[in-house]
Amino acid sequence: MIIATNVNKKFSKLTALDNVSAVCNKGQTISLIGPNGSGKTTFIKCLLGMVVPDSGFITFNEKNISHNWQYRAAIGYMPQIGRYPENMTIAQVFDMMKDIRKQSAIQPDEELIHLFKLDTMLNKRMGTLSGGTRQKVSASLAFLFNPDVLILDEPTAGLDPLSTEILKDKIRKEKQKGKLVLITSHILSDLDDIVTEVIYMQEGKLRFHKSLEQLKEDTGEMKLSRAIAQVMQTS
Amino acid sequence: MKKIIKYVLIDLLRNRITIAYTLFLLVISLSVFNLEDNPSKGILSLLNLILIIVPLVSIVFSTIYVYNAAEFIELLVSQPLKRVNIWLSIFTGLGASMCFAFLAGCGIPVLIYAPFDVGIIMTAMGLLITIIFVAIALLASVLTRDKAKGIGVSVLLWFYFTLIFDGIVLFLLFQFMDYPMEKPMVLFSCLNPIDLARILILLKLDISALMGATSAVFRNFFGNQWGMIATVLIMTAWAFMPLWWSVRKFNRKDL
């Protein structure tokens, strides 16, 4: 579904992505793991066309994504830090996104809005919301249009344990529908029972791309967090 | 595109600073016209205030707005939308709300107290200056990543157009006093939209004699219909060029 080929990106002197190639298919739940500054977010932003690679190309459903914008209709993206126009209320933000996406054929998926109890505070202004609540808004927006691909950048950072569970249940549900889910997270215990594949990045290079079983077998560990800890130590 | 403009406008019209700016302009223009019994004199006093305040507020406010909207722009870019449309919508929204503030705060009093051609030209020039400086602000904010730097660049640009440029022109005038400088002066004034607006309004006010021999040349060039059209075209170019450049930059910008 998404194929990245030899993607390079440099920010002045810093190499953010160094010859990254990856194949992501439907039905997979891929976790991007790596130390801070290893290029995970840059890679995600390349997929979304927010960062333009210096060389290499990315295809989405066999179409090159550069100079293309329609493909983003099939992606739900939850950013690391979601900030919205401060004067708008939650309801207005949702209405705006529905308005912009204008896919009337698709019934919007408002499950998360209800589960996060955002519908009880629709009239609150975005500027007054706490970090966790904004995160909930971002998550609800990512799932709102029933996209084929979900890209979640640090989805559980700032969420309370109850909301984290709600979000994880939702991810599991979408995974069963055969969607491609890409997650970055440092809280590996959150990922343990969701993920099917692991991409490990370091210093802008893609170190390996394995299925979770393979990784556990190779490291001899049962938990993802321990397996990754071992990889980090040896590399 | 219409939808994005709508939401940028909703956000901006409720912004306290745009409301404060409107009220500020309203207080200034009303008090100026009430202090002077002659509307022409009022226009003259107002002109000098407007040509300082309007560019400053337009450029600084727009720069700050674009930086504050960085995450919002990021959100829009991740949606199925063209980047050009996003950027032009932000420009249209900012330009429209600043123009609206100027019209409500300054245009209406001017048109009430001085409803003749000077008043109309002054309002039109104020609107053009607003649009030009919003475009320059967008360029400044797309070129620099850092917010403090971007605002600094905007303030410097404002400083350049209102003070430094005139200083340079004066310096050149004194250096080349022995040569006929009238024609090059016309060219120089085209390099600064604020000067263009000022000259055009002063010529209409019939006090251009104060400008000495240069004014005769100015009157020849700017005074007739063609000069007016040329001025408006040059000012449109002043708005269009930075905007076009900023669109090109934004298209390739990493967010």
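Predicted model: local features only at pLDDT ≥ 70, side-chain atom pairs only at ≥ 80, totals over all residues.

Residues are numbered from 1 along each chain as its sequence is written, chains are lettered from A and ligands numbered from 1 in the order in which they are written, and side-chain values use heavy atoms, with hydrogens and water left out.

**Where A meets B**

- Chain A brings 29 residues to the contact and chain B brings 23 (contact means heavy atoms within 4.5 Å).
- Together the two chains bury about 2,600 Å², 56% of it on carbon and sulfur atoms (that's the accessible area, with a 1.4 Å probe, that two parts lose on being put together, summed over both).
- Met50(A), Arg83(A) and Ile100(A) supply 24% of the area chain A buries against chain B, more than any other three residues.
- There are four salt bridges between chain A and chain B (a side-chain nitrogen of Lys or Arg within 4 Å of a carboxyl oxygen of Asp or Glu).
- One salt bridge pairs Lys9(A) with Asp254(B), their closest N and O atoms 2.7 Å apart.
- Another pairs Lys45(A) with Glu74(B), at 3.8 Å between the closest N and O atoms.
- That pair runs from helix H1 (residues 40-47) of chain A to helix H4 (residues 70-77) of chain B (helices are DSSP runs of H or I, at least four residues, and strands are runs of E, at least two, numbered from the N terminus).
- Both Lys45(A) and Glu74(B) are buried (under 20% relative accessible area with a 1.4 Å probe, protein chains only; exposed is over 50%, partly exposed in between).

**Salt bridges within chain A**

- Glu111(A) and Lys173(A) meet in a salt bridge, 2.5 Å from N to O.
- This pair sits 62 residues apart, with Glu111(A) in helix H3 (residues 111-115) and Lys173(A) in helix H5 (residues 161-176).
- Glu111(A) is partly exposed at 27% relative accessible area, and Lys173(A) is partly exposed at 39%.
- Arg172(A) and Asp193(A) also form a salt bridge, at 2.9 Å from N to O.

**Chain B on its own**

- Chain B has 11 helices and zero strands.
- Its C-alpha atoms fill a box of roughly 60 × 40 × 30 Å along the principal axes.
- Of the 255 residues of chain B, 50% count as buried.
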